[in-house]
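Here are my notes for your read-through. Please keep the sequence and the 3D view open beside them.

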Amino acid sequence: MFLHDKFGRRISDLRISITDRCNYRCVYCRSGNDGPQFPEMPIADYVRIASIFVKLGITKVRLTGGEPLLRKGIVEMVGELGRMRTLDGSPLDIAVTTNGHLLAEMAQPLADANLTRVTVSMDAVEAERFARITRVPNGYEHVLAGVRAAQQAGLNPVKINCVLLRGFNDDQITAFGRFAREEGVAVRFIEFMPLEEDRVWSPEIVVTLDEIVRRMKEFMPLREIAHARSETARRYVFEDGQGEIGIIAPVSHPFCGHCSRVRVTSDGKIRTSLFSVREHDLAGLMLGGASDDEMIEFIRHAVDQKEERHHIGEPGFIPASRTMVHIGG
Ligand code: SAM
């Protein structure tokens with residue numbers, strides 16, 4: 001029953017983008033001029049797609065975007081996902097990745113709808129820098145309130161995603177270490193990948209895992225802790241056990257060999273890698289009246305063609321056919 005690709009990887013993790021609209025214009029993600037580019041489907045269509053993937057052994061669903069909290073109906077969607085059961089009869093692991101701007105008011109309703117966890121993206125822990133990165137004034141207070149509301153609602157441990165760009169926010173590394181300890185959140189640094197609208201990526205701008213660990217250790221020694229094979233983050237705690245740091249290093253330490261993910265875009269296309277150059281039009285099939293069995297067959301065929309690995313930094317690298325905000329990070 002389970003979904004496998006031709007390299008023998010079991011696919012158990014589905015990411016659904018429910019909009020490519022975003023209320024932030026982060027400098028390393030969006031050009032600042034372009035808006036949404038792809039249509040949204042009714043929430044019921046994403047729910048149907050998720051239910052079919054669950055029949056194929058998916059155990060974890062992450063809602064993303066764009067900014068997923070902009071989408072009316074997300075709480076109801078989480079509720080529907082909460083009623084689904086995996087093939088072994090367990091509840092789904094349901095997560096949301098958000099910029100946190102609207103989280104203060106939505107954390108409790110999402111938790112009540114059985115959301116399992118939330119990841120909040122923050123690329124600075126200082127209001128002015130935060131505004132320069134997001135190009136939105138006063139965002140920092142909203143997001144901090146959102147993080148605390150999520151903790152209050154029991155969505156613990158709240159994870160924070162941070163993308164570091166050399167010369168822009170890499171001086172925030174130790175501030176994030178302090179933030180992890182003081183706020184009781186797990187901070188995950190993600191290496192910057194060439195998926196931005198403005199095509200500013202270069203290897204020099206990437207702050208790598210080794211460098212982050214070295215610089216964080218100057219603040220306070222770290223101890224690496226075990227992580228699951230399919231888990232993308234290398235995990236560390238500070239020597240006194242207070243505060244967790246993770247590093248997701250797709251550029252310097254690629255983990256494609258353990259990838260268990262498949263993505264569905266806001267317009268219902270299957271992407272088998274962030275770096276895919278082709279997509280599989282599941283929405284088109286569904287709107288044409290396909291049965292669940294026909295959709296299952298289509299999904300199996302798409303997943304079978306999952307790319308072996310990405311080619312970031314290699315000669316002849318072909319950029320992905322969409323940028324991050326339109327894929328769903
Ligand atoms: N709006 C939501 C948010 O801010 O979390 C969800 C979508 S956002 C595209 C998801 C994540 O992708 C964010 O944590 C963001 O920092 C990260 N991201 C965007 N562009 C990236 C890039 N080129 N490389 C690595 N991570 C990136």
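1. Ground rules. This is a predicted model, in which local features need pLDDT of at least 70 and side-chain atom pairs count only at pLDDT 80 or more, while totals for chains, interfaces and linings use all residues. Residues are numbered from 1 along each chain as its sequence is written, and side-chain values use heavy atoms, with hydrogens and water left out.

2. Ligand shell. The ligand is surrounded by 18 residues. Tyr-28, Gly-66, Glu-67, Ser-121 and Met-193 are the closest. By class, the shell holds seven nonpolar, nine polar and two charged residues. Here Ala, Val, Leu, Ile, Met, Phe, Trp, Tyr, Cys and Pro count as nonpolar, Asp, Glu, Lys and Arg as charged, and the others, Gly among them, as polar.

3. The side chain of Tyr-28 places an N or O atom 2.6 Å from a ligand oxygen. For the side chain of Ser-121, the distance to a ligand oxygen is 2.5 Å. Met-193 uses a polar backbone atom instead, 2.8 Å from a ligand nitrogen. The ligand taken alone exposes 550 Å², and the protein buries 95% of that. These areas come from the Shrake-Rupley method with a 1.4 Å probe; for residues, only the protein chains shown count as cover. Strand E3 (93-98) and strand E5 (159-163) each give two or more residues to the shell. Helices (H or I, at least four residues) and strands (E, at least two) are DSSP runs, numbered from the N terminus.

4. Surface patch. Met-1, Phe-2 and Leu-87 make a nonpolar surface patch of about 320 Å². Patch residues have over 30% relative accessible area and no salt bridge; like charges are joined within 9 Å, nonpolar side chains (Val, Leu, Ile, Met, Phe, Trp, Tyr) within 5 Å. Met-1 sits in the segment before strand E1 (13-17). It counts as exposed because its relative accessibility is 64%. The cut-offs are under 20% for buried, over 50% for exposed and partly exposed in between (1.4 Å probe, protein chains only).

5. Arg-9. Is this residue, Arg-9, buried or exposed? Arg-9 is also in the segment before E1, yet at 7% relative accessibility it counts as buried. Its side chain reaches the backbone oxygen of Glu-307 at 2.7 Å. A polar atom of the Arg-9 side chain also lies 2.8 Å from the backbone oxygen of Cys-256.

6. Salt bridges. The whole structure has 24 salt bridges, each a side-chain nitrogen of Lys or Arg within 4 Å of a carboxyl oxygen of Asp or Glu. Glu-40 and Arg-21 form one, at 2.8 Å from N to O. Both partners lie in the loop between E1 and helix H1 (43-55), 19 residues apart. Glu-40 is partly exposed at 31%, and Arg-21 is partly exposed at 29%.

7. Arg-322 pairs with Asp-267 at 3.1 Å, across 55 residues of chain. Both are buried. Lys-269 in strand E11 and Asp-281 in strand E12 are 12 residues apart, with closest N and O atoms at 3.9 Å. Shared partners join Asp-267, Lys-269, Arg-271, Glu-279, Asp-281 and Arg-322 into one network.

Terms used
A residue is near a molecule or strand if one of its heavy atoms lies within 4 Å of it. A polar contact is a pair of N or O atoms within 3.5 Å; within protein, one must be able to donate a hydrogen and the other to accept it, and residues adjacent in sequence count only if both atoms are side-chain atoms.
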